[in-house]
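The sequence and structure come first.

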Amino acid sequence: MSDISSSVDSGASPGLRERKRLETRRRIAEVAQGLFMARGYAATTLDDIAAAADISRRTFFSYFKSKDDIILYWRDADTAALLADLLRVSPDADPLDAVRDVMVAHIGRYTTEQMTAVDNLMRSSESLMARKQAFYAEQEVMLFDALCQVWRQPEQRARLRMVAMVSVGAMRLALQTWREQSGQRKPASRYLLEAFDILRKGL
(Lines give C-alpha, C1' and ligand atoms only; values in the text may rest on other atoms or scores of the structure.)
Protein backbone atom coordinates (compact mmCIF):
# COMPACT_ATOMS: atom_id res chain seq x y z
CA MET A 1 0.00 0.00 0.00
CA SER A 2 2.87 2.32 -0.73
CA ASP A 3 0.71 4.82 -2.59
CA ILE A 4 -2.21 4.84 -0.20
CA SER A 5 -1.38 8.33 1.02
CA SER A 6 -1.34 9.86 -2.45
CA SER A 7 -4.83 11.33 -2.17
CA VAL A 8 -4.59 12.81 1.30
CA ASP A 9 -4.06 16.49 2.00
CA SER A 10 -5.38 17.43 -1.44
CA GLY A 11 -6.59 20.99 -1.72
CA ALA A 12 -7.33 23.77 -4.15
CA SER A 13 -3.99 24.88 -5.60
CA PRO A 14 -1.95 25.29 -2.38
CA GLY A 15 0.94 27.74 -2.39
CA LEU A 16 4.57 26.68 -2.69
CA ARG A 17 5.17 26.64 1.07
CA GLU A 18 2.07 24.57 1.70
CA ARG A 19 2.94 22.16 -1.11
CA LYS A 20 6.37 21.61 0.41
CA ARG A 21 4.80 20.99 3.80
CA LEU A 22 2.36 18.47 2.34
CA GLU A 23 5.18 16.73 0.46
CA THR A 24 7.25 16.48 3.63
CA ARG A 25 4.31 15.12 5.57
CA ARG A 26 3.65 12.54 2.88
CA ARG A 27 7.32 11.54 2.80
CA ILE A 28 7.42 11.03 6.57
CA ALA A 29 4.28 8.89 6.39
CA GLU A 30 5.72 6.77 3.58
CA VAL A 31 9.02 6.27 5.42
CA ALA A 32 7.18 5.29 8.59
CA GLN A 33 4.97 2.91 6.65
CA GLY A 34 8.01 1.07 5.33
CA LEU A 35 9.48 0.80 8.83
CA PHE A 36 6.22 -0.47 10.30
CA MET A 37 6.00 -3.15 7.65
CA ALA A 38 9.64 -4.19 8.04
CA ARG A 39 10.04 -4.01 11.82
CA GLY A 40 6.53 -3.99 13.21
CA TYR A 41 4.58 -1.13 14.72
CA ALA A 42 5.66 -1.54 18.33
CA ALA A 43 9.34 -2.03 17.47
CA THR A 44 9.53 1.16 15.41
CA THR A 45 10.33 4.25 17.47
CA LEU A 46 9.80 7.91 16.67
CA ASP A 47 13.59 8.30 16.57
CA ASP A 48 13.74 5.53 13.95
CA ILE A 49 11.21 7.36 11.79
CA ALA A 50 12.92 10.72 12.20
CA ALA A 51 16.31 9.26 11.30
CA ALA A 52 14.98 7.42 8.24
CA ALA A 53 13.14 10.55 7.07
CA ASP A 54 16.28 12.66 7.68
CA ILE A 55 14.53 15.03 10.07
CA SER A 56 14.84 15.80 13.76
CA ARG A 57 12.52 14.39 16.38
CA ARG A 58 11.29 17.94 16.98
CA THR A 59 10.48 18.36 13.29
CA PHE A 60 8.53 15.11 13.36
CA PHE A 61 6.15 16.63 15.89
CA SER A 62 5.54 19.54 13.54
CA TYR A 63 3.81 17.08 11.23
CA PHE A 64 2.47 14.26 13.40
CA LYS A 65 1.63 13.98 17.07
CA SER A 66 2.36 10.26 17.35
CA LYS A 67 2.86 7.00 15.47
CA ASP A 68 -0.89 6.48 15.62
CA ASP A 69 -1.40 9.69 13.65
CA ILE A 70 0.67 8.28 10.81
CA ILE A 71 -1.61 5.26 10.45
CA LEU A 72 -4.63 7.55 10.70
CA TYR A 73 -3.10 9.58 7.88
CA TRP A 74 -3.21 6.49 5.65
CA ARG A 75 -6.74 5.72 6.75
CA ASP A 76 -7.91 9.24 5.95
CA ALA A 77 -6.22 9.06 2.54
CA ASP A 78 -7.99 5.79 1.86
CA THR A 79 -11.36 7.28 2.79
CA ALA A 80 -10.73 10.41 0.73
CA ALA A 81 -10.02 8.29 -2.35
CA LEU A 82 -13.22 6.29 -1.86
CA LEU A 83 -15.36 9.41 -1.43
CA ALA A 84 -13.76 11.03 -4.47
CA ASP A 85 -14.77 8.01 -6.56
CA LEU A 86 -18.31 8.17 -5.19
CA LEU A 87 -18.63 11.86 -6.08
CA ARG A 88 -18.02 10.94 -9.72
CA VAL A 89 -20.99 8.55 -9.82
CA SER A 90 -23.98 9.46 -11.99
CA PRO A 91 -27.05 10.62 -10.04
CA ASP A 92 -29.06 8.32 -12.33
CA ALA A 93 -27.57 5.31 -10.54
CA ASP A 94 -29.19 3.70 -7.51
CA PRO A 95 -27.42 5.02 -4.38
CA LEU A 96 -26.98 1.65 -2.68
CA ASP A 97 -25.69 0.02 -5.87
CA ALA A 98 -23.34 2.95 -6.45
CA VAL A 99 -21.84 2.71 -2.96
CA ARG A 100 -21.48 -1.05 -3.33
CA ASP A 101 -19.68 -0.75 -6.66
CA VAL A 102 -17.34 1.97 -5.39
CA MET A 103 -16.53 0.12 -2.16
CA VAL A 104 -15.95 -3.21 -3.92
CA ALA A 105 -13.71 -1.60 -6.56
CA HIS A 106 -11.82 0.28 -3.88
CA ILE A 107 -11.14 -2.67 -1.61
CA GLY A 108 -10.32 -4.78 -4.64
CA ARG A 109 -7.28 -2.60 -5.36
CA TYR A 110 -5.41 -4.12 -2.43
CA THR A 111 -4.00 -7.61 -2.26
CA THR A 112 -4.78 -9.95 0.60
CA GLU A 113 -1.17 -9.58 1.74
CA GLN A 114 -1.45 -5.78 1.85
CA MET A 115 -4.72 -5.87 3.75
CA THR A 116 -3.39 -8.43 6.20
CA ALA A 117 -0.30 -6.32 6.89
CA VAL A 118 -2.34 -3.16 7.54
CA ASP A 119 -4.90 -5.06 9.62
CA ASN A 120 -2.09 -6.46 11.76
CA LEU A 121 -0.67 -2.96 12.23
CA MET A 122 -4.04 -1.61 13.33
CA ARG A 123 -4.60 -4.46 15.75
CA SER A 124 -1.12 -4.11 17.26
CA SER A 125 -2.05 -0.77 18.84
CA GLU A 126 -4.68 -0.66 21.58
CA SER A 127 -5.16 3.07 21.07
CA LEU A 128 -5.81 2.60 17.36
CA MET A 129 -8.30 -0.16 18.04
CA ALA A 130 -10.11 2.09 20.49
CA ARG A 131 -10.34 4.86 17.88
CA LYS A 132 -11.51 2.45 15.19
CA GLN A 133 -15.09 2.36 16.49
CA ALA A 134 -15.32 6.15 16.43
CA PHE A 135 -14.00 6.13 12.88
CA TYR A 136 -16.91 4.03 11.65
CA ALA A 137 -19.29 6.73 12.89
CA GLU A 138 -17.19 9.41 11.19
CA GLN A 139 -17.11 7.40 7.97
CA GLU A 140 -20.89 7.11 8.00
CA VAL A 141 -21.23 10.90 8.27
CA MET A 142 -18.74 11.50 5.46
CA LEU A 143 -20.44 8.92 3.26
CA PHE A 144 -23.83 10.53 3.84
CA ASP A 145 -22.42 13.94 2.97
CA ALA A 146 -20.96 12.59 -0.29
CA LEU A 147 -24.25 10.91 -1.16
CA CYS A 148 -26.10 14.18 -0.62
CA GLN A 149 -23.73 15.90 -3.04
CA VAL A 150 -24.61 13.40 -5.76
CA TRP A 151 -28.32 12.94 -5.04
CA ARG A 152 -29.40 16.44 -4.11
CA GLN A 153 -33.16 16.03 -3.78
CA PRO A 154 -34.23 16.83 -0.20
CA GLU A 155 -36.74 13.99 -0.24
CA GLN A 156 -33.85 11.55 -0.70
CA ARG A 157 -32.16 12.49 2.57
CA ALA A 158 -33.70 9.81 4.79
CA ARG A 159 -32.94 7.11 2.25
CA LEU A 160 -29.38 8.34 1.77
CA ARG A 161 -28.75 8.32 5.51
CA MET A 162 -29.97 4.73 5.61
CA VAL A 163 -27.72 3.83 2.67
CA ALA A 164 -24.73 5.33 4.49
CA MET A 165 -25.55 3.43 7.68
CA VAL A 166 -26.06 0.02 6.09
CA SER A 167 -23.09 0.41 3.73
CA VAL A 168 -20.67 1.05 6.59
CA GLY A 169 -22.28 -1.87 8.40
CA ALA A 170 -21.77 -4.09 5.37
CA MET A 171 -18.11 -3.09 5.24
CA ARG A 172 -17.63 -3.85 8.92
CA LEU A 173 -19.28 -7.25 8.57
CA ALA A 174 -17.26 -8.09 5.47
CA LEU A 175 -13.94 -7.16 7.07
CA GLN A 176 -14.77 -9.09 10.23
CA THR A 177 -15.70 -12.18 8.22
CA TRP A 178 -12.56 -11.79 6.10
CA ARG A 179 -10.39 -11.49 9.21
CA GLU A 180 -11.91 -14.57 10.88
CA GLN A 181 -11.51 -16.96 7.94
CA SER A 182 -9.02 -19.77 8.34
CA GLY A 183 -6.61 -21.22 5.82
CA GLN A 184 -5.88 -19.41 2.58
CA ARG A 185 -7.75 -16.13 2.67
CA LYS A 186 -10.27 -15.20 0.02
CA PRO A 187 -10.33 -11.58 -1.20
CA ALA A 188 -12.13 -9.15 1.08
CA SER A 189 -14.06 -7.84 -1.94
CA ARG A 190 -15.88 -11.17 -2.20
CA TYR A 191 -17.13 -10.87 1.38
CA LEU A 192 -18.18 -7.29 0.74
CA LEU A 193 -20.24 -8.32 -2.29
CA GLU A 194 -21.88 -11.02 -0.20
CA ALA A 195 -22.71 -8.50 2.52
CA PHE A 196 -24.40 -6.18 0.02
CA ASP A 197 -26.27 -9.15 -1.47
CA ILE A 198 -27.66 -9.85 1.99
CA LEU A 199 -28.76 -6.23 2.20
CA ARG A 200 -30.49 -6.40 -1.16
CA LYS A 201 -32.34 -9.57 -0.25
CA GLY A 202 -33.34 -8.28 3.15
CA LEU A 203 -34.43 -4.74 2.19
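## Cavities

The model is a predicted one. Its cavities of 30 Å³ or more number two.

The largest cavity holds about 630 Å³ of space. It is lined by 27 residues, and those closest to its centre are Arg75, Asp78, Val118, Phe135 and Leu175. By class, the lining of the largest cavity consists of 18 nonpolar, three polar and six charged residues.

## Helices around the largest cavity

Five helices each contribute at least two residues to the lining of the largest cavity: H4, H5, H6 (112-123), H7 (126-150) and H8 (157-180). H4 gives the most, with seven residues.

## The second largest cavity

The second largest cavity contains about 30 Å³ of space. Thr79, Leu82, Leu83, Met103, Gln139 and Leu143 form its lining. H4 and H7 are the elements that give two or more residues to this lining, and the largest share, three residues, comes from H4. Four of the lining residues of the second largest cavity are nonpolar and two are polar, with no charged residues.

## Packing of H1 with H4

Helix H1 (residues 16-39) packs against helix H4 (residues 67-87) at an angle of about 105 degrees, and the two axes lie 10 Å apart. Angles of 65 to 115 degrees count as roughly perpendicular, so H1 is roughly perpendicular to H4.

On the H1 side, the contact is made by Arg25, Arg26, Ala29, Ala32, Gln33 and Phe36. H4 contributes Lys67, Ile70, Ile71, Tyr73 and Trp74. Seven residues of the contact of H1 with H4 are nonpolar, one is polar and three are charged.

## Packing of H5 with H9

Helix H5 (residues 95-107) and helix H9 (residues 188-202) have axes 9 Å apart and pack at an angle of about 165 degrees. Because angles over 145 degrees count as roughly antiparallel, H5 is roughly antiparallel to H9. The crossing of H5 past H9 is right-handed.

From H5, the contact residues are Leu96, Asp97, Val99, Arg100, Met103, Val104 and Ile107. They meet Ala188, Ser189, Leu192, Leu193, Phe196, Leu199 and Arg200 of H9. The contact of H5 with H9 has 10 nonpolar residues, one polar residue and three charged residues. Met103 of H5 takes part in this contact and also lines the second largest cavity.

## Packing of H6 with H8

H6 and H8 cross at roughly 95 degrees, and their axes come within 12 Å. With that angle, H6 is roughly perpendicular to H8.

Thr112, Met115, Thr116, Asp119 and Arg123 of H6 make the contact with Leu175, Trp178 and Arg179 of H8. The residues of the contact of H6 with H8 comprise three nonpolar, two polar and three charged. Leu175 of H8 belongs to this contact, and Leu175 is also among the residues closest to the centre of the largest cavity. Both H6 and H8 supply at least two residues of the lining of that cavity.

Methods. Residues numbered from 1 in each chain as written. Predicted model: local features only at pLDDT ≥ 70, side-chain atom pairs only at ≥ 80, totals over all residues. Heavy atoms only, no water. Axes fitted to C-alpha atoms, helices over the stretch in contact; angles between N-to-C directions. Helix = DSSP H or I, 4+ residues; strand = E, 2+ residues; numbered from the N terminus. Parallel < 35°, antiparallel > 145°, perpendicular 65-115°, else oblique. Contact = heavy atoms within 4.5 Å. Nonpolar A, V, L, I, M, F, W, Y, C, P; charged D, E, K, R; others polar. Left-handed = near helix turned anticlockwise from the far one by under 90°. 1 Å grid on protein atoms, 1.4 Å probe; cavity = no way out; pocket = protein on both sides within 12 Å on 5 of 7 lines; lining within 4 Å. Points joined across faces, edges and corners; volume = space filled by probe spheres on them.
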